[in-house]
Amino acid sequence: GKPIIYIGVGQEYGDLQPLWIWDQLPGLTRAEGLVSQERREFVGGMGDGASGLTAMDYKRFTEGKAVEVRKLWAFHGDAVLCLLGGWETTGPVGDITTSIEQCRLRGPVEQPDKARWILHGGFGYLALGDASLEVRRRRATGSWNDINRRHDPREITEEVLHVDLCHGSDPRPAGFAIVLGANRKRIEGL
């Protein structure tokens, strides 16, 4: 489940791939050292062009350690909702996070102290349940040649914003919402 939202001015992700941390794409749930993903039978979705649902049974693992979670994505109007539950862990997996966003930094990031939400570039990100949000900004440098040797080796540098949902080492049912066109008054009302 990787929700990449292409709206706004359309430059949130354009030519950003050389700068991505690929195991932190939006929607990926991860724990340190879990590098393999198991294909599961339960996955599917439906929609009518205006609203939709997708669900999946998700497992990442390495020898002796694993994280399993059930994910539900709901899309309607100007909101995206992701619910995570049915957690199972095997072995000591450490802290578990779900990436929500990894985009070009486009202006200020608003995150009041102890708030369960942030605002950035017309999007509101809201933590649900016991999980918390972690926001990181980084200056990233890379080239298209890093991804494919046939491409230009010239380096590009951009400011990148990461938003993660932090579940800790003993995850509980949680989730997040992404609200398009959000402002402080609207996100605080949720």
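**Figure 1. Arg-139 and Glu-159 meet side chain to side chain in a salt bridge, 2.7 Å from N to O.** A salt bridge here is a side-chain nitrogen of Lys or Arg within 4 Å of a carboxyl oxygen of Asp or Glu. Arg-139 sits in strand β11 (residues 132-142) and Glu-159 in strand β12 (residues 156-168), so the contact ties together parts that are 20 residues apart in sequence. Strands (E, at least two residues) and helices (H or I, at least four) are DSSP runs, numbered from the N terminus. Arg-139 is exposed, at 60% relative accessible area. Glu-159 is partly exposed, at 30%. Buried means under 20% relative accessible area, exposed means over 50%, and partly exposed lies in between (1.4 Å probe, protein chains only). The model is predicted: local features need pLDDT of at least 70, side-chain atom pairs count only at pLDDT 80 or more, and totals for chains, interfaces and linings use all residues. Residues are numbered from 1 along each chain as its sequence is written, and side-chain values use heavy atoms, with hydrogens and water left out.

**Figure 2. Arg-70 forms a salt bridge with Glu-88.** The closest N and O atoms of Arg-70 and Glu-88 are 3.4 Å apart. This pair links distant parts of the chain, with Arg-70 in strand β5 and Glu-88 in strand β6 (residues 79-90), 18 residues apart. Arg-70 is partly exposed, with a relative accessible area of 30%. Glu-88 is also partly exposed, at 42%. Which residue lies ten positions from Arg-70 in sequence and 17 Å away in space? That residue is Val-80, with the distance taken from C-alpha to C-alpha.

**Figure 3. Arg-154 forms a salt bridge with Asp-152.** The closest N and O atoms of this pair are 2.3 Å apart. Arg-154 is exposed, with a relative accessible area of 64%. Asp-152 is partly exposed, at 29%. Elsewhere, salt bridges that share partners join Glu-38, Arg-40, Asp-57, Lys-59, Glu-68, Arg-70 and Glu-88 into one network. A search of the whole structure finds 16 salt bridges. Arg-154 itself is placed in the loop between α1 (144-147) and β12. The C-alpha atoms of Arg-154 and Gly-142 are separated by 8.2 Å, and the two residues are twelve apart along the chain.

**Figure 4. The largest pocket holds about 210 Å³ of space.** A pocket is an open set of points on a 1 Å grid over the protein atoms alone, where a 1.4 Å probe fits, with protein on both sides within 12 Å along at least five of seven lines. Lining residues have an atom within 4 Å of a point. The volume is the space filled by probe spheres set on the points, which are joined across faces, edges and corners. The lining consists of Asp-23, Gln-24, Arg-30, Ala-31, Glu-32, Gly-33, Leu-34, Val-35, Arg-60, Asp-95 and Thr-97. By class, the lining has five charged, three polar and three nonpolar residues. Asp, Glu, Lys and Arg count as charged; Ala, Val, Leu, Ile, Met, Phe, Trp, Tyr, Cys and Pro as nonpolar; and the others, Gly among them, as polar.

**Figure 5. Met-46, Leu-53, Leu-72, Leu-81 and Leu-83 form a nonpolar patch on the surface.** Together these residues have about 410 Å² of accessible area. Areas come from the Shrake-Rupley method with a 1.4 Å probe, and for residues only the protein chains shown count as cover. A patch is made of residues with over 30% relative accessible area and no salt bridge; nonpolar side chains (Val, Leu, Ile, Met, Phe, Trp, Tyr) are joined within 5 Å, like charges within 9 Å. Leu-72 belongs to strand β5 (residues 65-76). Leu-72 is partly exposed, at 31% relative accessible area.

**Figure 6. Ala-79 and Val-179 are 100 residues apart in sequence and 4.6 Å apart in space, C-alpha to C-alpha.** Ala-79 lies in strand β6. Ala-79 is partly exposed, with a relative accessible area of 30%. Ala-55 is found in strand β4 (residues 51-62). Is Ala-55 buried or exposed? Ala-55 counts as buried, because its relative accessibility is 18%. Ala-55 and Ser-143 are 88 residues apart in sequence, and their C-alpha atoms are 34 Å apart in space.

**Figure 7. Asp-15 has a positive phi of about 55 degrees although it is not a glycine.** Most residues other than glycine have a negative phi. Asp-15 lies in the segment before β1 (29-31).
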